[in-house]
Amino acid sequence: MTSADQQALATIDLDALVHNVGVIRERSGGAPIMAVVKADGYGHGAVPVAHALLAAGVRELGVCTLEEALELRAGGITAPVLSWLHSAGADFGPAIAAGIELAVPGPAHLPAIVAAARAQGAVAIVSVKVDTGLNRNGVTEEEWPGLLAELVRAEADGAVRVRGMFTHFARADEPDHPVIDLQAERLRKMAAEARAAGLELEVVHAANSAAALTRPDLAFDMVRPGIALYGLSPMPEAGDFGLRPVMRLSGRLVRVKRVVAGEGVSYGHTWTAPADTIVGIVPLGYADGVPRVLSGRFDVAIGGELRPAVGRVCMDQFVVDLGAGSDAAVGDEVVLFGDPRRGEPHVQQWADALGTIHYEVVTGIKGRVRRGYIGGERHIGGKTGNNL
Ligand SMILES: *Cc1c(COP(=O)(O)O)cnc(C)c1O
């Protein structure tokens, strides 16, 4: 047993990722896909995930920050990349030089992008991010007429090319909610006004995962899913849509020992062995993204069987009650979450126990967890993809 064998591992199944692209494509009526790979691909590794998605026919990529966009370029990705969250004071030069498409989410951004484009001697490709009701980032209705005039001028001056317009839904996970249609209607109106003013919008888009899966009528020119690509349902109560979880979090038993009835286990002795039993130590803790508030509230799969984690989750480790008759041994694999079709716990169980959504769990895996990739293309970013 080498130390690498005992490491905490997030196994990323690129075949599942490709399967999920197919599910989205089918449900959204075959619309082209901009895959959202922000936050390091929702914790799955932005660059390898992006390569696999592009190989599966995804057309464009979406990220939050300029740094995330440039990381994709550094990882050898040449496909269109849109970055949508930055301040007007950001350094747009490197992104423009790298051909990153920039969202214009407010009037102050345009002059900054124009100045950066001039300094680069390049044309900045931009998409207008319009606020149609989320009331978060994006151009407001009040700002729109003034900004539209500025966009027309900047394009005429050759500083920018206004390629697209997009918005983000507030309540897409409630597919019948009237605010979805209200937002879509406002987007249509603003896109029509842009076109009437002479901007040749090539792409208008709105649909996140929930809308892509349930409202093919709102696919516009392209859908923009994130979480569904990673195999997690944006509406867990509505079912899994046939999606397959892409991340599987596992570790290996580093110690197996007897505990006699009445002995307390882990800090604070929050769990006491009700009978003589055997426990196992798993080397993942809250420093790795296993939240301490999950203490005593999750199961793991060992040898195809579910066993309860008991006592406090510590910084580096937690304890599993293997049961008195267990023949589990040091080195045995312990699955914290993965695919329930293989008898593994689903990350949704963690989200329920934590009172949050699975997005927060998968983006929160960190610390000593190493990523490994299985399936997909043999070559990812110049390295072999299958390094397990
Ligand atoms: C995160 C994000 C998405 C993807 O949302 P999912 O719910 O993960 O599909 C799409 N568009 C924007 C603007 C986002 O910030």
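These are my notebook entries on a predicted model of one protein chain.

**Entry 1: the whole chain**

I began with the overall picture. The protein chain has eleven helices and 20 strands. Taken along the principal axes, its C-alpha atoms fill a box of roughly 80 × 45 × 35 Å. I then looked up burial, and 52% of the 388 residues count as buried. I also checked how far contacts reach along the sequence. Among contacts between residues at least 6 apart, 67% join residues at least 24 apart.

**Entry 2: aromatic pairs**

Next I turned to the rings. How many aromatic pairs does the count come to? It comes to six aromatic pairs. I looked up F298 and W350 and found the ring centres 5.6 Å apart, with the planes at 65°. An angle over 60 degrees counts as edge-to-face, so F298 and W350 form an edge-to-face pair.

Where do the partners F298 and W350 lie? I found F298 in the loop between β13 (277–282) and β14 (299–302), and W350 in helix α10 (residues 347–354). The pair therefore ties together parts that are 52 residues apart in sequence.

**Entry 3: R224, W84 and T167**

I followed R224 next. R224 lies over the face of W84, at 5.8 Å from the ring centre. T167 is buried, with a relative accessible area of 1%. Which residues is T167 in contact with, leaving aside its neighbours within four places in sequence? I listed V130, D131, T132, Q183, L187, H205, A206 and R224.

**Entry 4: two packed helices**

Then I looked at helix α1 (residues 14–27) and helix α3 (residues 46–55). They pack at an angle of about 50°, with their axes 10 Å apart. Why are α1 and α3 called oblique to each other? Angles under 35 degrees count as roughly parallel and 65 to 115 as roughly perpendicular; at about 50°, α1 and α3 are therefore oblique. I noted that α1 passes α3 in a right-handed crossing. On the α1 side the contact is made by L14, L17, V18 and V21, and on the α3 side by V49, A52 and L53.

**Entry 5: positive phi**

Last, I checked backbone angles. N135, a residue other than glycine, has a positive phi, near 55°. F241 is also a residue other than glycine with a positive phi, near 55°. N135 sits in the loop between β6 (124–129) and α7 (144–156), and F241 in the loop between α9 (209–214) and β9 (247–252). Are N135 and F241 buried or exposed? N135 counts as exposed, at 65% relative accessibility, whereas F241 counts as buried, at 16%.

Terms used:
Residues numbered from 1 in each chain as written. Predicted model: local features only at pLDDT ≥ 70, side-chain atom pairs only at ≥ 80, totals over all residues. Heavy atoms only, no water. Phe/Tyr/Trp six-rings, centres within 6.5 Å; stacked < 30°, edge-to-face > 60°. Helix = DSSP H or I, 4+ residues; strand = E, 2+ residues; numbered from the N terminus. Lys NZ or Arg CZ within 6 Å of the ring centre and 35° of its normal. Buried < 20%, exposed > 50% of the residue type's maximum accessible area, 1.4 Å probe, protein only. Contact = heavy atoms within 4.5 Å. Axes fitted to C-alpha atoms, helices over the stretch in contact; angles between N-to-C directions. Parallel < 35°, antiparallel > 145°, perpendicular 65-115°, else oblique. Left-handed = near helix turned anticlockwise from the far one by under 90°.
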